[in-house]
Structures are given as C-alpha cells and as structure tokens.
Amino acid sequence: MAQRINKDNFEEKVLKSPLPVLVDFYADWCGPCKKVSPILEELAAQYKDDIVIYKINVDNEKELASAFGIQSIPTLLFIPKTGKPQIAQGALSKEQFVEQIDNFLLKK
C-alpha cells in the first residue's frame, strides 16, 4: 500500500530510503489524482520488494509541495538510487508507470 508521508518524516522515508522511491503529490479533490490512486495501490503491491511508493497531500503539506515547485497535480516524482530524480505531471496509465518504474527506477 502507498504510504502517506509529511514534512516531518520526508527526509527519513524518502531521501534515506534503501529502495528507489515514487512520490505522488496529490489532493483529495483532484479527479486525475483519484484515477491514479488505485493504479499506485496495485503497483505498491506488485513492486513491494523493489520500490517504495509514498503519497503527499499538497493541501496538508504546502511546504513540501512548494519545495518541489509543485504547480499541478498529480505530480509524480521518480527517485532512483543513483542519478537525478525525474518528474512526471498528469495522470499516467498503468503501462506508463510500469515503463518508468522498470526503465528508470529499476533500470531493467
């Protein structure tokens, strides 16, 4: 299951994660975010040993959203173990998520 995080545990959970991380910046009222949510739950189960998926509610965590320059949601932050993170905006399909996870995060 995708875990919700906040500014208090962001560094520990995301920046110090032993696994690659996918962060979903979302809001409860956002239609495309609601479309992405069940896909992320499926992926969290599918990749549970390989990556970690976190969710950040931009309405509750304005400071974190601002720190990452989040201007539209959903915004997805893909953080590999090495190299620079990548950002994707908008509702991705499951296939697009799998492609990003396999090719970018896991470098399969």
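Predicted model: local features only at pLDDT ≥ 70, side-chain atom pairs only at ≥ 80, totals over all residues.
A search over the whole structure returns four salt bridges. I will go through some of them, with the exposure of each partner.

Lys94 and Glu42 form a salt bridge, and their closest N and O atoms are 2.7 Å apart. Lys94 sits in helix 4, residues 94-105, while Glu42 sits in helix 2, residues 31-46, so this pair ties together parts that are 52 residues apart in sequence.

Next, Glu11 and Lys16. Their side chains form a salt bridge, with 3.8 Å between the closest N and O atoms. Glu11 has a relative accessible area of 47%, which makes it partly exposed. Lys16 comes out at 59% and is exposed.

Then Asp102 with Lys108. This salt bridge has an N to O distance of 3.8 Å. Which of the two is buried, and which is exposed? Asp102 is the buried one, with a relative accessible area of 18%; the cut-off for buried is under 20%. Lys108 counts as exposed, at 67% relative accessibility.

As background for all of this, side chains of opposite charge can pair when their charged atoms come close.

To recap the distances: 2.7 Å for Lys94 and Glu42, 3.8 Å for Glu11 and Lys16, and 3.8 Å for Asp102 and Lys108. That is what I have on these pairs.

Key:
Residues numbered from 1 in each chain as written. Heavy atoms only, no water. Buried < 20%, exposed > 50% of the residue type's maximum accessible area, 1.4 Å probe, protein only. Helix = DSSP H or I, 4+ residues; strand = E, 2+ residues; numbered from the N terminus.
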